[in-house]
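Hello,

Here is the structure you asked for. My notes follow below it.

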Amino acid sequence: MAKDSSHEARGAVGPHRVVVIVDENSNPFELGCATEVFGLHRPEIGRYLYDFRLCSPEPRTLMRDGFFTLTGVAELGAADTADTLIVPNRPDVEVARRPAVLAAVRRAHRRGARLVGFCSGAFTLAEAGVLDGRRATAHWQWAGSFRARFPSVRLEEGVLFVDDGDILTAAGSAAALDLGLHIVRRDHGAEVANSVSRRLVFAAHRDGGQRQFIERPMPDLPDESLAPVLAWAQERLDAPLTVSDLAARAAVSPATLHRRFRTQLGTTPLAWLTGERLTLACRLIERGDSRFEVVARSSGLGTAANLRALMRREIGLTPSAYRRRFGPAVAC
């Protein structure tokens, strides 16, 4: 049974502890993503968001392709103190993981810790046996290998990340940032996650269901960029915008706009617009500015009923539960 993935970082006894296991041949990029999102002091917020540490089964860990050796981190036993455990991800997916690492993952799962796999980290989780019957994703180039080795895992190919409650997996390297920000949003709310994303100069919210890759990473013509119409729409989220309105602003047909969204963002115009409105609604709720009917109108979601349905579907919380967790105590 999947557990609530929020693992609320507020109001707990002591800070929420995130531990990363680093093993031989681990990828430096995902390690850097985890450190950047979970490990740094946030001057824009005025505090650390997590108690963060690295651990390894060996005193000296040779990183991917021998680029450098990592020393001075905690022993593997630190994994037993994690509230959130990020497991090793390595490019040698066919090589068995250390039994001690797999045992640490199983212990963490048994005691209810949240488990996170970036990129090939899904192989570590699957090899530990904690993904049987569960939803997960992995990098598209390893999907066939993963499915053949772990047929009992419900692999979702092509998406950025999968949140299956107490186990979360991200596809490629950059998707580690998407999943990291998703976790921050779950733990601390949209306003804090938005602050972290601004510091990273990274998209504040890309839904996990978006595709892992896009057809043309760079548009052929500069005037095909969606940036102007996106900025225009973000300033008018409270207005009754439609896909036709966006297409008219971009001076293209709705079909062309849809194609450009798919090509450049990996999503549809309607899904993007709904996601932006939902993020705005969450930020308004966190600030406690107004009642839910007003929040719904101000974010372009229309009614409190629609706001409630979208939040339950996309976030897993009702507006009231979200406000109790992330917002000031105000009457609604």
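Predicted model: local features only at pLDDT ≥ 70, side-chain atom pairs only at ≥ 80, totals over all residues.

Helices here are DSSP runs of H or I with at least four residues, numbered from the N terminus.

First, the overall picture. The chain has 13 helices and 13 strands. It holds 332 residues, and 52% of them count as buried. Take the contacts between residues at least 6 apart in sequence: 65% of these join residues at least 24 apart. The accessible surface is about 14800 Å², with 54% of it belonging to carbon and sulfur atoms.

Next, H12 itself, which spans residues 304–314. Its buried residues include Ala304, Leu307, Leu310 and Met311. These four lie on the same side of H12, because they cover an arc of only 130° around the axis. An α-helix has 3.6 residues a turn, so residues three or four places apart point the same way. Arg312 and Arg313 are on the other side of H12, and they are exposed. What do the buried residues of H12 pack against? Their partners are helix H10 (269–287), helix H11 (292–298) and helix H13 (319–326).

Last, threonine 124, which sits in helix H3 (residues 121–127). Its relative accessibility is 0%, so threonine 124 counts as buried. Its side chain reaches the backbone oxygen of proline 88 at 2.8 Å.

Best wishes

Terms used. Residues numbered from 1 in each chain as written. Heavy atoms only, no water. Helix = DSSP H or I, 4+ residues; strand = E, 2+ residues; numbered from the N terminus. Buried < 20%, exposed > 50% of the residue type's maximum accessible area, 1.4 Å probe, protein only. Contact = heavy atoms within 4.5 Å. Areas by Shrake-Rupley, 256 points an atom, 1.4 Å probe, with all protein chains shown as cover. Arc of directions from axis to C-beta. Polar contact = N/O pair within 3.5 Å; in protein donor to acceptor, adjacent residues only side chain to side chain.
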